[in-house]
Amino acid sequence: MDTKWLEWAKQLQAIAQAGLTYSKDIYDLERFEMIRNISIEMMSQQTELDESVIRNLFVNETGYATPKVDIRAVVFKDNKILLVKEKSDGAWAMPGGWGDIGLTPSEVAVKEVKEEAGFDVKAIKLLGVQDKKCHPHPPSPYYVYKLFIQCEIIGGEATKGMETSEVDFFPEDDLPLLSLGRNTETQLKWAFKHLRNSAEPAYFD
């Protein structure tokens, strides 16, 4: 599917959000609200989601629009990568989630591994920062930067979490069905490159 419409809708949403935040003139505020409504209608028609659902995605977004941050923990053991099975879609992903206010990126990675997989880890290396639009993820209403942080197991044991139903390690040549909104096969293959070569530079964009 051509997703250019989604990029336009997200740009319109960002313009509207900034305008509603900084404008003082009541007529300008009305125009920016109209722009927001157009972006919501575009998303609703293309995704067949109810407009109220899409509106709720944005109603709490205020201030200057900036990308959301998704943090993924890259954990290896015996040349296999740690993945968790997501209850939401039945597919597998590196432990992770949205960045939390008050926690550093490495603290989020450590927390997510504990909550989703049961292991105690320490963060050792930033592998890269990726713009979600540059990689083969399914369409998303949000503009997202993804941080990949390599972690090392220091304790704990495999334990499923509130959002995960299974925990396991997989070799590069036998990956399971992946939760593509969270991670792609190319991203996992790239993570294995770092495992084979510790001098591999951090990736960006």
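Student: What does buried mean here?

Tutor: Buried means under 20% relative accessible area, exposed means over 50%, and partly exposed lies in between (1.4 Å probe, protein chains only). Strands are DSSP runs of E, at least two residues; helices are runs of H or I, at least four; both are numbered from the N terminus. Strand β2 (residues 80–86) is mostly covered, with five of its seven residues buried. This is a predicted model: local features need pLDDT of at least 70, side-chain atom pairs count only at pLDDT 80 or more, and totals for chains, interfaces and linings use all residues. Residues are numbered from 1 along each chain as its sequence is written, and side-chain values use heavy atoms, without hydrogens and water.

Student: Which strands pair with β2?

Tutor: Two strands pair if DSSP finds at least two bridges between them. Strand β1 (residues 68–77) is antiparallel to β2, over two bridges. Here Phe76 has Ile81 as its bridge partner. Strand β7 (residues 164–170) runs antiparallel to β2, joined by six bridges. There, Leu82 partners Phe169. Strand β3 (residues 92–93) is also antiparallel to β2, through two bridges. Val84 stands opposite Ala93.

Student: Which residue takes a positive phi in the hairpin of β1 and β2?

Tutor: Asp78, near 55°; two residues lie between the strands. In the hairpin of β2 and β3, with five residues between the strands, Gly90 has a positive phi near 70°.

Student: Where do the side chains of a regular strand point?

Tutor: They alternate between the two faces of the sheet.
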